[in-house]
Amino acid sequence: MGFEPPQRLVRTLGETYGEAVAAAWLGKLPELAGQVLDHASLETERVMAPGGRSSLVVLVRRPDGSPAALKIAPPFARPDREREALAHWNGWGAVQLLGVAEEGSLVLERLHPEVSLRSLPEAKALLEAAGTVRRLWVEPAPEHGFETVAERTARQAAAMTSHLSGTGTAELTAAALAAREELVSASAETLLLHGNFRQGKVLAGDRTPWLAVGPEPLVGERAYDLARLVRDRVEDLVAASSGASAARRRVNRLADSLDLDRERLRGWTLFRAVESGTRALTAGRRQDAELLLEFASWL
C-alpha cells in the first residue's frame, strides 16, 4: 500500500514522542499497513486526511462488503489501552470495536468522519457533547490496566517545571501546578474517562447520532475529562470581546449540566490549558501557545 502519511500524524508523533522514534515507525508504516490490510482481508477505500493525530485511519470494506475503519497506531501510543476501553464501553457512547488485526490495529465501526460536533452551532455542540461524555463515565473493569489522572498529570507537571522561570509563563505555570496538587490530593472518583474528550472527538454515526472516538483512556474524576471540552473553539473565544466572561460561563454551565463541582472543573481546565500551552511553546507552536495561555489567564 503506497501512500504518504498525513502531515498532521507526522507532526504530532514527532512532537509527542520525539522525531527519531516517530520517524522510525513512520518509515515502516506503508509496509505495515499493507500487511495488516492483507492479513485482515480488508479492501482499502481511502486514507483519511488530515486523519488522526496518533494513528493512521483507513476507510475499508470487510470481507462481507460492510464498511469499517482501520486504525493503525504505533505501539508507543498504547493502542492496547484504547482497545480495552472500547471493548469495555461496547458501543455505549463510543465507536464500536469490531475486531483486532495484527500489530494491535483496530477494526472499528464506520462513522461519518467528516461530520463532528464542531459542525454544529456552539450551544448545540456543547449540549450533545455533554450527553455523549456522560455515557462514557462508567466503572472500569476490576483488573483494568489504565493509568490514573494523578499518574498522567504527574508526568505532565514534571515537563512543565521548565516554564516556571519563563517570561510570561511563570505565574500561570505556578498556578496550574498548584491547582493540580490540590485537585489530586482530594479526588475520590475512579471512573473510566475518555482522556481527550472534545467536540472533534465526537462523530456522527448511523447506529446513534453521535459517538466518541479516539480515547486516551485513564481512570479518575469526571471534571478532568470535561476540562478539555471547556476550551473548544478557543480561537473564537479569544477573538471575541466577551471571551473571558464567556469562558467562565462555559465552565459553570458545563459543571452544572453534569453535576460537577465548578471549582474542580475550573482547576482542571486551568491545568490542562497551561499544560497544552507550555507544550506548544516547547514545540515551537507559538501562536497556539499564546491562544491557550491567554485562555488560561481568564480562569
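Reader: What do strand 2 and strand 3 form, and which residue in the turn has a positive phi?

Author: Strand 2 and strand 3 form a hairpin with 5 residues between them, and G65 in the turn has a positive phi of about 90 degrees. This is a predicted model, in which local features need pLDDT of at least 70, side-chain atom pairs count only at pLDDT 80 or more, and totals for chains, interfaces and linings use all residues. Residues are numbered from 1 along each chain as its sequence is written, and side-chain values use heavy atoms, with hydrogens and water left out.

Reader: What joins strand 1 to strand 2?

Author: Strand 1 (residues 43–47) and strand 2 (residues 56–61) run antiparallel, joined by 4 bridges. Here V47 stands opposite V58 in strand 2.

Reader: Why is N196 called buried?

Author: Buried means under 20% relative accessible area, exposed over 50%, and partly exposed in between (1.4 Å probe, protein chains only). N196 has 12% relative accessibility and therefore counts as buried. The residue is found in the loop between strand 7 (191–193) and strand 8 (202–204).

Reader: What makes the link between the side chains of N196 and R198 a polar contact?

Author: A polar contact is a pair of N or O atoms within 3.5 Å; within protein, one must be able to donate a hydrogen and the other to accept it, and residues adjacent in sequence count only if both atoms are side-chain atoms. The side chains of N196 and R198 are joined at 2.8 Å, which is within the 3.5 Å limit.

Reader: Why is helix 7 called oblique to helix 10?

Author: Helix 7 (residues 222–230) and helix 10 (residues 262–282) pack at an angle of about 60 degrees, with their axes 8 Å apart. Angles under 35 degrees count as roughly parallel, over 145 as roughly antiparallel, 65 to 115 as roughly perpendicular and the rest as oblique. The angle therefore makes helix 7 oblique to helix 10. Residues in contact (heavy atoms within 4.5 Å) include D225 and R228 of helix 7 and R272 of helix 10.

Definitions and conventions
Helix = DSSP H or I, 4+ residues; strand = E, 2+ residues; numbered from the N terminus. Axes fitted to C-alpha atoms, helices over the stretch in contact; angles between N-to-C directions. Pairing = 2+ DSSP bridges.
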